[in-house]
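Student: Let us go through this model by question and answer. Please show it first.

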Amino acid sequence: MPDDLRVILYPDPRLKKKSVPVKVFDDNLRKTALRMLELMREHEGVGLAAPQVGLNIRLFVVNATGKPEDDKIYVNPVLSEADGDEEFEEGCLSLPDIKVAIRRPTERVKMTAQDLDGQPFEEIGEGFITRIWQHENDHLNGIMIIDRMGPVAKLTYRKKLRELEEEFEEGK
Ligand SMILES: [Zn+2]
């Protein structure tokens with residue numbers, strides 16, 4: 001049930017799975033997306049992907065500004081036509097206290113997705129929002145920021161990651 005959803009942390013194996021397309025656009029999907037927006041706000045995040053609440057479906061929510069009117073829901077998103085190459089520090093609600101500088105094309109990115117009714121739509125994004133799109137889209141493919149970090153960051157966060165692994169084992 002959507003009410004029970006919570007943010008799961010590394011190294012939960014559901015974060016490593018490739019998610020499947022959404023085929024049924026029903027009330028449960030709507031409740032799930034709304035609950036994800038709520039969780040994103042509670043955790044002061046700018047985006048949250050379904051695998052981060054333990055659901056391996058192609059759905060994520062985004063809010064780049066914190067204003068309620070900027071809540072966005074993307075079902076079955078596809079990103080294309082990306083330009084540019086910018087490095088910026090990213091965090092992740094499933095990796096507390098970890099920040100990784102990641103290069104991504106953020107000048108111009110095309111998003112094609114469906115809304116909660118299954119209606120297709122298209123957006124052209126620039127800058128920060130496209131970075132969130134790419135970060136969340138990575139989650140749908142089982143990719144996290146630690147998979148994109150270089151050797152220095154790996155060394156920096158080795159201890160922190162081990163702590164998270166131990167906590168996960170203990171919580172089982
Ligand atoms: Zn993330």
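The questions below move from the sheet to its helices, the metal site and the aromatic residues.

Tutor: This is a predicted model, where local features need pLDDT of at least 70 and side-chain atom pairs count only at pLDDT 80 or more, while totals for chains, interfaces and linings use all residues. Residues are numbered from 1 along each chain as its sequence is written, and side-chain values use heavy atoms, with hydrogens and water left out.

Student: In what order do the five strands form the open sheet?
Tutor: Strands are DSSP runs of E, at least two residues; helices are runs of H or I, at least four; both are numbered from the N terminus. Two strands pair if DSSP finds at least two bridges between them. The pairing here is antiparallel, and the order is S1-S2-S3-S6-S7.

Student: Why is one side of S1 and of S7 left without a neighbour in the sheet?
Tutor: Strand S1 covers 47–49 and strand S7 covers 120–125. Both stand at the edges, so each has a single partner strand.

Student: Which residue in S3 stands opposite valine 61?
Tutor: Strand S2 (residues 59–62) runs antiparallel to strand S3 (residues 72–83), joined by four bridges. Phenylalanine 60 faces tyrosine 74 in S3. Valine 61 stands opposite isoleucine 73.

Student: At about what angle to S2 does helix H2 run?
Tutor: Axes are lines fitted to C-alpha atoms, for helices over the stretch in contact (heavy atoms within 4.5 Å). Angles run from 0 to 180 degrees between N-to-C directions. Helix H2 (residues 128–140) lies across S1, S2, S3, strand S6 (108–114) and S7. Its angle to S2 is about 155 degrees.

Student: Which residues coordinate the zinc ion?
Tutor: Donors are N, O and S atoms within 2.8 Å of the metal (3.2 Å for Na, K and Ca); water is not among the atoms, so sites may look incomplete. The spacing along the chain is C-x42-H-x3-H. At 2.0 to 2.3 Å, the donors are Cys92 (SG), His135 (NE2) and His139 (NE2).

Student: How many residues apart in sequence are the parts tied together by cysteine 92 and histidine 135?
Tutor: Cysteine 92 lies in strand S4 (residues 86–92), and histidine 135 in helix H2. The pair therefore ties together parts whose separation is 43 residues.

Student: Is cysteine 92 buried or exposed?
Tutor: Buried means under 20% relative accessible area, exposed over 50%, partly exposed in between (1.4 Å probe, protein chains only). Histidine 135 has 8% and is buried. Cysteine 92 has 9% relative accessibility, so it counts as buried.

Student: Which backbone nitrogen does the side chain of asparagine 76 reach?
Tutor: Asparagine 76 sits in strand S3. It is buried at 15% relative accessibility. At 2.7 Å, its side chain reaches the backbone nitrogen of valine 22.

Student: Is the pair of tyrosine 74 and tryptophan 133 edge-to-face or stacked?
Tutor: Rings of Phe, Tyr and Trp (its six-membered ring) pair if their centres lie within 6.5 Å; planes under 30 degrees apart count as stacked, over 60 as edge-to-face and the rest as tilted. Tyrosine 74 and tryptophan 133 are both buried. Their centres are 5.9 Å apart, with 75 degrees between the planes: edge-to-face.

Student: Which residues form one aromatic cluster?
Tutor: The structure holds four aromatic pairs. The rings of tyrosine 74 and phenylalanine 121 have centres 5.9 Å apart and planes at 35 degrees, so that pair is tilted. The cluster is formed by Phe60, Tyr74, Phe121 and Trp133.

Conventions
Polar contact = N/O pair within 3.5 Å; in protein donor to acceptor, adjacent residues only side chain to side chain.
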